[in-house]
Amino acid sequence: METLQLYVDQRFLSPYAMSAFVVLHEKGLPFACHGVDLDAGDNLLPDYANASLTARVPLLVDGDFRLSESSAIAEYLEARYPAPAYAAVYPQDEQQRARARQVQAWLRSDLMPLREQRNTEVVFLRPVSTPLDEAGQRAAAKLIRVAEACLADGAANLFGEWCIADTDLAVMLLRLVNNGDAVPDRLADYARRQWQRPSVQAWLARQPAQG
């Protein structure tokens with residue numbers, strides 16, 4: 001098997017790049033990880049922008065095939081390297097798999113006030129002191145409502161076995177948890193447990209010292 005190539009932000013702060021990294025790690029696929037300096041605009045250089053189409057991270061290179069957008073990468077890898085030969089990163093039940101993809105799509109397209117006011121530095125580096133404004137509070141309340149509806153009482157994961165939607169949901173919840181914002185205990189515990197998964201810890205171990 002040719003080694004896959006994954007391009008991520010060089011500070012390892014992108015939750016979307018982390019999601020693709022986690023999928024590769026969970027499937028046990030050999031891959032090389034390359035950092036892209038987003039602050040310097042290296043993602044906008046013609047070679048990278050043309051390869052990724054969207055000029056964003058993550059970017060997966062599989063031989064002559066190039067693919068960006070983390071959820072597309074996850075679905076591609078699940079189809080190309082399926083269970084049982086490789087670990088599954090989506091539920092095997094069709095309806096649960098559709099629900100997992102719904103959760104992923106929603107997390108990537110909604111809750112903008114929360115993503116702006118509790119950015120990923122809150123998750124990976126340090127909290128902020130600014131309280132959520134009214135829009136941020138509404139977004140936080142919606143996140144909590146949806147998470148509570150999706151996660152059964154006492155469940156360790158959304159759909160029985162772990163799937164990549166668990167990692168993505170945990171990242172969003174940790175925007176609140178790590179900042180000390182109010183989150184129900186069972187959701188905070190769920191997010192912290194997800195953060196201890198070896199594939200997530202492998203991502204965190206790649207982070208350079210932040211100045």
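**Helix packing, cores and ring pairs**

Me: Which residues of H4 meet which residues of H7?
Reply: Val103, Trp106 and Leu107 in H4 meet Lys142, Leu143, Val146 and Cys150 in H7, where contact means heavy atoms within 4.5 Å. This is a predicted model, in which local features need pLDDT of at least 70, side-chain atom pairs count only at pLDDT 80 or more, and totals for chains, interfaces and linings use all residues. Residues are numbered from 1 along each chain as its sequence is written, and side-chain values use heavy atoms, with hydrogens and water left out.

Me: At what angle do the axes of H4 and H7 cross?
Reply: Roughly 175°, and the axes of H4 (residues 94-109) and H7 (residues 134-150) come within 13 Å. That makes H4 roughly antiparallel to H7 (angles over 145 degrees count as such).

Me: Switching to the largest nonpolar core: which residues touch the most other members?
Reply: Leu77 and Leu143, out of 61 residues. A nonpolar core is a set of buried Ala, Val, Leu, Ile, Met, Phe, Trp, Tyr and Cys residues joined through side-chain atoms within 4.5 Å, and buried means under 20% relative accessible area with a 1.4 Å probe, protein chains only. Helix H8 (residues 164-177) gives the largest share of this core, 10 residues.

Me: What is Leu143 in contact with, beyond four places in sequence?
Reply: Its contacts there include Trp106, Leu107, Leu111 and Leu114, as well as Leu169, Met172, Leu173 and Leu176.

Me: Now the rings. How many aromatic pairs are there?
Reply: Seven aromatic pairs, counting Phe, Tyr and Trp rings (for Trp, the six-membered ring) with centres within 6.5 Å. The rings of Phe21 and Phe31 have centres 5.3 Å apart and planes at 85°, so that pair is edge-to-face (planes over 60 degrees apart). Phe21 sits in helix H1 (residues 15-27) and Phe31 in strand E2 (residues 31-36), 10 residues apart.

Me: Are Phe21 and Phe31 buried or exposed?
Reply: Both Phe21 and Phe31 are buried. They also belong to one aromatic cluster with Phe12 and Trp203.

Terms used
Axes fitted to C-alpha atoms, helices over the stretch in contact; angles between N-to-C directions. Helix = DSSP H or I, 4+ residues; strand = E, 2+ residues; numbered from the N terminus. Parallel < 35°, antiparallel > 145°, perpendicular 65-115°, else oblique. Buried < 20%, exposed > 50% of the residue type's maximum accessible area, 1.4 Å probe, protein only. Phe/Tyr/Trp six-rings, centres within 6.5 Å; stacked < 30°, edge-to-face > 60°.
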